[in-house]
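Me: I would like to learn how to read a structure like this one feature by feature. Could you give me the general idea each time, and then the case at hand?

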Amino acid sequence: MEVQLQSEPREVTTAPALGRHQVEDGMAASTPAARESGFAPRSSTPGVAAGIERRTWEPLVGDELLGRLRITGRPRPKTDPELAHRLRAELEDGLLGDDSDRRGGPPLVVTKDRLTRVLACEAHYVASEFGDRLPTVAMACGALIDVLFRQLVTVGSISDAMADGLAALSVDDHHRALVSWIDRLTDSQRDELRTEVERQANGLVRRWPTLDPAWFPRTQESVRVRLAGGTIELSARVDLAIGAPAQDEGSVAIIEIKSGVRRVEHRSDLHFYALLETLRSLAPPFVVATYYTRTGELDVEPVSDDLLIGAARRTLAGTRLLLNLAEGSEPRRTPSGLCGVCAALPTCEPGQHRTIGRVRHRAQGSDGR
Amino acid sequence: MMRAGDLTGVALSPAGVTIDDVVRAEIRHRLIARIGPLVEPTAPGRPIVVTLALLRQARTRVESLGEPEDPFAWKPIFVRRSLGLAIVAACANGRFRSPLEAAGPVASEAVSEWERTGWRTFHWEPWFAGLADGARAMVLADAVGWATSIWLSFDWNQLRPLPQIGSGDDQWICPAGRTVRLKGRSELRVPLAVASPLERERRPTPANEVGNRVALVSVSGGCPTEWWSEELAYLALVAGLRWPARPVPPRVLGLWPDSGIHLSLEIDEEALHSAADRVVDTVRAVVEACQSAAA
């Protein structure tokens with residue numbers, strides 16, 4: 001599905017739509033499932049009920065942000081184990097015949113990042129799978145914001161963003177190299193990092209709503225789905241899941257936190273999460289969303305059957321490519337926006353052609369903007 | 001994924017098969033007879049501690065058995081289970097509405113108790129107390145996630161009397177030239193209802209009462225392996241060896257919250273023999289790995 005994302009800042013008028021949703025809101029809250037889920041919509045959302053129309057974009061704050069997550073504008077999807085079985089069957093059927101050589105060995109682990117990379121360019125995927133990624137300030141900022149978000153959800157406060165974030169990373173073995181890298185930054189680089197982390201953390205503290213513990217918020221939740229006799233494992237770790245498992249209708253919200261800029265592939269990541277949650281729980285989440293801590297943007301998408309079917313097809317296509325590469329296929333080179341940051345660029349003719357072409361294009365001032 | 005009410009029903013339902021003491025004794029003797037000769041060549045060596053994790057490692061990553069272990073250092077993952085179970089217990093007892101609400105107070109109480117008495121209920125109290133705010137929050141966040149997955153798996157209103165939540169591991173030491181200790185760790189022990197000719201179904205008695213039949217509940221990360229039934233039966237085997245006067249747990253439930261899979265195993269003689277075979281295979285693999293490393 002082609003997704004058009006609005007550039008920021010943008011003009012939005014949300015109040016009339018939300019007003020309409022409040023009717024559903026009351027209906028949803030009246031069902032036992034909605035009440036049990038705990039993350040049921042409220043009958044009114046402060047700041048929204050007033051019918052305020054905004055003409056310039058500004059980030060949602062507190063209950064308004066929460067309302068946007070809870071009230072998607074569509075009825076919550078019904079729990080439909082049959083749909084989950086069909087999605088699984090589509091994946092299994094599509095992978096049939098590819099698993100014979102892999103049986104008994106460790107599963108091929110399919111993550112959102114691997115899918116995105118292999119679907120963009122197989123050569124880029126292969127190049128990025130080997131060797132450690134060199135840390136960058138942006139990467140460090142992302143890791144720090146991730147743990148600070150966990151802290152905010154869990155204990156409700158952040159006192160000193162940089163100190164708290166570093167303390168959190170230091171108890172995680174996976175971040176040992178990153179912490180060591182941050183320690184070795186020059187003063188100016190460290191100041192740059194600190195400034196951005198503090199800016200984003202302050203934004204989080206000001207805007208992110210307090211989540212009622214009765215909604216069972218949990219951070220960094222692991223989701224795994226085995227396919228094709230255990231030869232394939234779809235794997236995700238969601239930044240925040242809210243809501244008890246579904247009874248009669250979707251009751252779980254999944255939220256991804258991003259400290260960087262908005263990218264079109266983030267939507268596909270969300271769809272992948274929705275698919276995995278559906279396969280795992282036999283009920284789809286009712287909403288998936290990305291929260292951009294850099295700007296305070298919230299990109300919300302209600303989950304529908306079409307979304308899940310699209311996600312299953314994309315996952316199948318990417319998984320087949322990953323399987324082919326794991327079995328020794330020569331990776332195809334597909335020039336894309338990733339060429340500029342690809343480790344294989346020095347030896348990749350199509351990639352060089354694209355990047356040189358873009359540089360010339362820009363130099364001539366005719367890049368279309 | 002099974003709904004909480006359904007899973008609770010499965011856990012509580014009366015169990016059919018009873019393992020008699022003759023069978024239990026036979027399995028015990030066979031284990032001793034098979035493990036003894038296996039470990040004899042390496043005796044006296046460091047104790048071999050068989051756990052569920054070791055059973056899995058010996059099947060899926062046998063080459064790693066001979067690798068030296070990293071020196072122990074506390075990490076959030078080592079706190080997750082014990083703090084998570086304390087959180088679940090606090091919720092089950094009605095003190096808190098949810099794991100997120102319980103996590104901070106439960107951890108603080110543990111630290112306060114240690115500071116007041118010097119007694120470490122969980123062992124991690126001094127480490128946790130010394131952490132900076134950010135690190136402490138990660139420990140709590142991990143425990144909240146883990147506890148929430150258990151809390152949401154069951155209908156706790158049906159689980160009355162309450163199951164035994166956590167408590168010590170079952171351990172049985174195999175008499176051999178080199179110490180082989182079997183450790184079984186269950187997250188819950190759920191007292192089972194029993195069929196009764198007088199009442200159609202008698203209410204269960206508390207889980208820690210001698211003579212009561214309990215279902216064990218084991219929680220694991222990731223996805224079940226293809227040998228999941230042997231692994232669940234292992235927990236019943238160790239409990240049966242550890243407590244000869246108590247009935248062998250007739251049922252073990254395995255929960256894999258990451259993958260939404262819940263599996264139930266009724267324990268019969270065959271299941272116990274399979275688990276015993278798996279223990280022997282694991283000890284053999286460990287001994288071979290030790291010998292290779294020493295060579």
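Reply: Taken over C-alpha atoms, the centres of domain 1 of chain B and domain 2 of chain B are separated by 27 Å, the domain bounds being those of an automatic or database domain assignment. Domain 1 of chain B covers 4–65 + 161–294, and domain 2 covers 76–151. This is a predicted model, in which local features need pLDDT of at least 70 and side-chain atom pairs count only at pLDDT 80 or more, whereas totals for chains, interfaces and linings use all residues. Residues are numbered from 1 along each chain as its sequence is written, while chains are lettered from A and ligands numbered from 1 in the order in which they are written.

Me: How many residues of domain 1 of chain B are in contact with domain 2 of chain B?

Reply: Two residues are in contact if their C-beta atoms, placed from the backbone, lie within 7 Å. By that rule, six residues of domain 1 of chain B are in contact with six residues of domain 2 of chain B. The side of domain 1 that touches domain 2 has four nonpolar, one polar and one charged residues, where Ala, Val, Leu, Ile, Met, Phe, Trp, Tyr, Cys and Pro count as nonpolar, Asp, Glu, Lys and Arg as charged, and the others, Gly among them, as polar.

Me: And how many residues of chain B are in contact with chain A?

Reply: The size of an interface is often given as the accessible area lost when the parts come together. Here the account is by contacts, and 27 residues of chain B are in contact with 36 residues of chain A. On the side of chain B that touches chain A, α5 (99–117) and α7 (133–151) of chain B each supply at least two residues, helices (H or I, at least four residues) and strands (E, at least two) being DSSP runs numbered from the N terminus. The largest share of that side, 10 residues, comes from α7(B), and by class the side divides into 12 nonpolar, nine polar and six charged residues.

Me: In what order do the five strands of the open sheet of chain B run?

Reply: Two strands pair if DSSP finds at least two bridges between them. In chain B the order of the open sheet is β2-β5-β8-β9-β10, with mixed pairing, and its edge strands, β2 (164–165) and β10, each pair on one side only. Strand β8 (residues 214–219) and β9(B) run parallel and are joined by five bridges; B:Ser218 stands opposite B:Gly254 in β9(B), and B:Val219 has B:Leu255 as its bridge partner there. By contrast, β9(B) and β10(B) pair in the antiparallel sense over six bridges, with B:Leu265 in β10(B) as the bridge partner of B:Val252.

Me: Which residues of β9(B) are buried on each of its faces?

Reply: In a regular strand the side chains alternate between the two faces of the sheet. A residue is buried if 20 or more other C-beta atoms lie within 10 Å of its own, exposed if 12 or fewer, and partly exposed in between, with C-beta atoms placed from the backbone. In β9 (residues 251–256) of chain B, six of six residues are buried: B:Arg251, B:Leu253 and B:Leu255 are on one side, and B:Val252, B:Gly254 and B:Trp256 on the other.

Me: Which residues other than glycine have a positive phi, and which peptide bond is cis?

Reply: Most residues other than glycine have a negative phi, and most peptide bonds are trans. A:Phe216 has a positive phi near 55° and is found in the loop between α10 (187–207) and β2 of chain A; A:Phe216 counts as buried because it has 26 C-beta neighbours inside 10 Å. B:Ser167 has a positive phi of about 75° and lies in the loop between β2 and β3 (170–174) of chain B, but with 15 C-beta neighbours inside 10 Å it counts as partly exposed. The peptide bond from B:Arg160 to B:Pro161 is cis, with omega near 0°, and B:Pro161 is found in the loop between α7 and β2 of chain B.
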